[in-house]
Amino acid sequence: MVEPLRLLVELVVLLLASVTGWPIVLLTLRASARRNSEGAQRAGSRGASGDQNPSVLRGGLWIGFIERFAVAGAILMGQVSLIAVIVAVKVLGRFKELRTPEASEKFVLGTLVSMTWAVLVAIVARAVLPI
């Protein structure tokens, strides 16, 4: 593939992985919060962990975009080991915020869904496109 065209295709794949992952992560987190809330109500407890607390893990939307972009980029470059660096940077940046069960659950679930989506998009792109 011609070099400028290849770069354009890779950029489109990176943007696709980055932007389209957001609704998938959001739906997963909402489903998890709803199940936690229903489970807490059945158990008769108050203050379910599914409460939508906007102060929990602020900036997650933008971090998720960058994370998916970087993970898909690592896959497209064939540098899978860079994913470990991305995870390490994310954990170190959030470490102090992960002390509550709600925050740690949201972090782990959101990260796994986000990274899985980015990996899937990049693997499919590598298999289908001549990049």
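## Salt bridges

A search of the whole structure, which is a predicted model, finds three salt bridges. They pair Glu10 with Arg6, Lys90 with Glu67, and Glu97 with Arg94. Side chains of opposite charge can pair when their charged atoms come close.

Take Glu10 and Arg6. Their closest N and O atoms are 3.0 Å apart. Both residues sit in helix H1, four residues apart, so about one helical turn separates them. Glu10 has 15% relative accessibility and counts as buried, because the cut-off for buried is under 20%. Arg6, at 29%, is partly exposed.

In the bridge between Glu97 and Arg94, the closest N and O atoms lie 3.1 Å apart. Glu97 is partly exposed, with a relative accessible area of 34%. Arg94 is buried, at 6% relative accessibility.

## Lys90 and its surroundings

Lys90 belongs to helix H3, which covers residues 82–94. Its salt bridge with Glu67 has an N to O distance of 2.3 Å. This pair links distant parts of the chain: Lys90 is in helix H3, Glu67 is in helix H2, and 23 residues separate them. Are the two partners buried or exposed? Lys90 is buried, and so is Glu67. For Lys90 the relative accessible area is 15%.

Beyond its neighbours within four places in sequence, Lys90 is in contact with Ile63, Glu67, Phe107 and Thr111. Phe107 and Thr111 are among the buried residues of H4.

## Overall fold

The secondary structure of the protein chain comes to four helices and zero strands. From the N terminus on, the order is α-α-α-α. Helix H1 spans residues 3–43. Helix H2 covers residues 60–77, helix H3 residues 82–94, and helix H4 residues 101–128.

The chain has 131 residues, and 32% of them count as buried. Among contacts with a separation of 6 or more, 78% join residues 24 or more positions apart. The accessible surface comes to about 8400 Å². Carbon and sulfur atoms account for 68% of that surface.

## Helix H4

Helix H4 has 28 residues. From its first C-alpha to its last it reaches 40 Å, close to the 40 Å expected at 1.5 Å a residue. Which residues of H4 are buried? They are Ala103, Phe107, Gly110, Thr111, Val113, Ser114, Met115, Ala118, Val121, Ala122 and Ala125.

Arg126 is also found in helix H4. Arg126 is partly exposed, with a relative accessible area of 39%. Its C-alpha atom is separated by 9.9 Å from that of Met77. Along the chain, Arg126 and Met77 are 49 residues apart.

Val2, Leu5, Leu8 and Val12 form a nonpolar patch on the surface. Together they have about 380 Å² of accessible area. Leu5 is found in helix H1. Its relative accessibility is 44%, which makes Leu5 partly exposed.

Leu15 lies in helix H1 as well. Leu15 is partly exposed, with a relative accessible area of 43%. What does Leu15 touch, not counting residues up to four places away in sequence? The answer is Thr20 and Phe69.

## Confidence

The mean pLDDT of the protein chain is 86. A value of 70 or more is reached by 83% of the residues. Among the elements, H1 has the lowest mean pLDDT, at 86. Helix H2 has the highest, at 95.

Where does pLDDT stay under 50? This is the case over residues 45–51. For that stretch the model has eight contacts beyond four places in sequence.

Note on methods: Residues numbered from 1 in each chain as written. Predicted model: local features only at pLDDT ≥ 70, side-chain atom pairs only at ≥ 80, totals over all residues. Heavy atoms only, no water. Helix = DSSP H or I, 4+ residues; strand = E, 2+ residues; numbered from the N terminus. Expected span 1.5 Å × (residues − 1). Buried < 20%, exposed > 50% of the residue type's maximum accessible area, 1.4 Å probe, protein only. Patch = residues over 30% accessible without salt bridge, like charges linked within 9 Å, V, L, I, M, F, W, Y side chains within 5 Å. Areas by Shrake-Rupley, 256 points an atom, 1.4 Å probe, with all protein chains shown as cover. Salt bridge = Lys/Arg side-chain N within 4 Å of Asp/Glu carboxyl O. Contact = heavy atoms within 4.5 Å. pLDDT = per-residue confidence, 0-100.
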